[in-house]
Every structure is written in structure tokens, then in C-alpha cells.
Amino acid sequence: MRVHHLNCGSLRRIPPLGEPLTAASASGEPVAAVCHCLLIETDTDGLVLVDTGLGTADLRHPQRSLGADWVAYARPALDLEESALRQVVRLGYTPADVRHIVLTHLHRDHTGGLADFPHARVHVHPDEYRAVTDPTAPHHRHSLDRFMPAHRAHGPLLTPARVDGHTEWSGIPGVARPQGLGCDLLLVPLPGHSAGHAGVAVRDGDGQWLLHAGDAYMYHGEIEHTPPLSHPALDPVQHGAQIDGAARLATRELLRGLHHAPTEQVTVFSAHDPWEYARLAARPNRG
């Protein structure tokens, strides 16, 4: 199995992302946040896309598709070449080759590319699925508002993953398996940011585990440094989006434990940290 790291949307937030306090970027210049997605080549399941970033409709009609306020704040680069669709084609595939999409959650900067792969089966954690489909669910209205109408207008094949109460991954219970996928890929509950926020754990070409932690944290200093070091440009984003701050901080501690555990063979990364993305995208890609 081969894993490609893709940036499917550069977000040039104000203020831009200079490194705070202890770290320095390689160039010393501020950089844009990313929408870090994975494209996985499997032997049996075709292509699997983990998160979709911004889609082609978002980039052509951003205010209509993403919302004027969000566009004014996030300042996406609006580069069609960054869309998952264009990157899949550049790798020699067709959009129909993407048979499965696995989402950490249903916020706009993770779901924009859904319409570019309308025949793909879309897998989410069952709590996230319930939050947008069941009017009686906690946080239903909030969750549905964050799942942009333009991203669901085509009727995506939204499918809740199956939770096996006896399944653990790295000591984390309640792990869900996407239906119809035979590869080593799991949805790992990482609560706090959204109603059913989950990380996506997948084995890379070297047999090591990657954990795409979505928006459970947004800056590598939060899990690498002791005490945790957050980013002042990203803190307002995280605090404004989360549904449960205490749960998010507990999740962050769990991820810190994974990152620092001497026996765990897990590489943890978040959806928007450009320094993590640069490190992982530069790794040799082995099938």
C-alpha cells in the first residue's frame, strides 16, 4: 500500500503562520496553513482519499461554495492545481479510481472535494454521521451548518463506519472500521472538535502507522513541546470551532502520549500544520 501526502488547499490566514517562541521555519518566512490529505493506493480497494480539502467548485466559486465570511478570514489560495482532483489526475489516475473517501469530520475545509468524486463511498465516524442526519442528535444544527450545502448538494454516499466495542488501536477503545474497506485503515475517536471527530489510522508502505489527527490539534508544538505550545494565529480558529473544549484538551493529551511513547510506532500529524506536512511529503514514497 502506498500513501501520498497532498496539500489540498493553502489557507493564508491573517496573521500568517510565523513560528512562535521556540521554533523557526526553514526560510524564516511566514507560511500558509495547509489542508493535509492522504491519497492511498490499495491492492484491493482502489484509491482511498482521506479528507478532501477544497474542491474545484470551492476554488472557482469560493464565496458561493465556502461562504463569504470564511473566505475573507481564511484567504484560501484558490489554486485549482491544489485540488485533490487535479493531483489525482497528475498521478496518472482518473476521478473514478477514487472509490472511497474517509473523513475526519464534516467541516468545509475537509469536505470541499466530495463533489469531485461523486461515485465514491464516503465514510465518517458514526457520531459525526448521526450529528448531520438525525435532528434529535446533540449538536445537529451546529453540525449541519458546518457541512456546507454546496458540498452535499450532489447527495454524497455518506456511510457510518462500524464500531466494534472490543476493538482498540494503540490503547484507544471504540475504534470504527469503514464498511467495505479491506486495507489497514481505522477511524479512531478523537472527540472535542466536532460531534464525531475522528482520526484516521493507516499503515504506510513501510508498515508503520500514520495517524491523521484532523483538527484535534493544529500546531506541532501542541504535541511535541512540554508544556504544550499552541500557535497564536491558530488558537482562535480552534476555540471558535470546537464543541467541547475539555474533551479536545483530553484528546490532545492522548495524542501527546502517542507521540512521546517510546514503544509506539505511530506518526501523528494534524490537518493544517504546514511544517508537519512538509516533513511527511518529503519522505520517500514506498509501495
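This report describes the overall build, the cores, the charged pairs and some local features of a predicted protein model.

Residues are numbered from 1 along each chain as its sequence is written, and side-chain values use heavy atoms, with hydrogens and water left out. Because the model is predicted, local features need pLDDT of at least 70 and side-chain atom pairs count only at pLDDT 80 or more, while totals for chains, interfaces and linings use all residues.

## Overall build

The protein contains 12 helices and 14 strands. These elements are DSSP runs numbered from the N terminus, with helices (H or I) of at least four residues and strands (E) of at least two. The C-alpha atoms fill a box of roughly 45 × 45 × 45 Å along the principal axes. For 287 residues, a compact globule would have a radius of gyration near 19 Å, and the 17 Å of the protein agrees with that. This radius is taken over C-alpha atoms, and the globule rule is 2.2 Å times the number of residues to the power 0.38.

Of the 287 residues, 54% count as buried. Buried means under 20% relative accessible area, exposed means over 50%, and partly exposed lies in between (1.4 Å probe, protein chains only). Among contacts between residues at least 6 apart in sequence, 67% join residues at least 24 apart; a contact means heavy atoms within 4.5 Å.

## Cores

In soluble globular proteins, nonpolar side chains tend to be buried together. A nonpolar core is here a set of buried Ala, Val, Leu, Ile, Met, Phe, Trp, Tyr and Cys residues joined through side-chain atoms within 4.5 Å. The largest has 35 residues, of which Ile-40, Trp-169, Leu-185, Val-188, Leu-211, Leu-255 and Val-268 touch the most other members. Two or more residues each come from β2 (36–41), β3 (47–50), β11 (185–189), β12 (198–203), β13 (209–212), α11 (245–260) and β14 (266–269). Another core lies apart from it, with 22 residues that include Cys-8, Cys-37, Val-98 and Leu-144.

Beyond its neighbours within four places in sequence, Leu-211 is in contact with residues including Trp-169, Val-188, Leu-255 and Val-268.

Helix α12 (residues 274–281) has Pro-274, Trp-275, Glu-276, Tyr-277 and Leu-280 as its buried residues. Their cover includes β1 (2–7), β2, α9 (221–224) and β14. At the start of α12, a side-chain oxygen of Asp-273 comes to within 2.8 Å of the backbone nitrogen of Trp-275.

## Charged residues

A salt bridge is a side-chain nitrogen of Lys or Arg within 4 Å of a carboxyl oxygen of Asp or Glu. The count by this rule is 8 salt bridges.

Glu-81, at 36% relative accessibility, is partly exposed, and a network of salt bridges links Glu-81, Arg-86 and Arg-90. Both Arg-130, at 39%, and Asp-134, at 22%, are partly exposed. Arg-256 and Glu-253 are separated by about one helical turn because they are 3 residues apart in helix α11. Arg-256 is buried at 8% relative accessibility, whereas Glu-253 is partly exposed at 43%.

Glu-41, in strand β2, is buried yet has no salt bridge, and the nearest side chain of opposite charge, Arg-2, is 4.3 Å away. For charge, Lys and Arg count as positive and Asp and Glu as negative, while His and the chain ends are not counted. The side chains of Glu-41 and His-4 are joined by a polar contact of 2.5 Å. A polar contact is a pair of N or O atoms within 3.5 Å; within protein, one must be able to donate a hydrogen and the other to accept it, and residues adjacent in sequence count only if both atoms are side-chain atoms.

## Backbone features

Most residues other than glycine have a negative phi, and most peptide bonds are trans. Leu-78, in the loop between α3 (68–74) and α4 (84–90), has a positive phi of about 60 degrees. Ser-170, in the loop between β8 (168–169) and β9 (172–173), has a positive phi near 50 degrees. Thr-226 and Pro-227 are joined by a cis peptide bond, with omega about 0 degrees; Pro-227 is in the loop between α9 and α10 (235–241).
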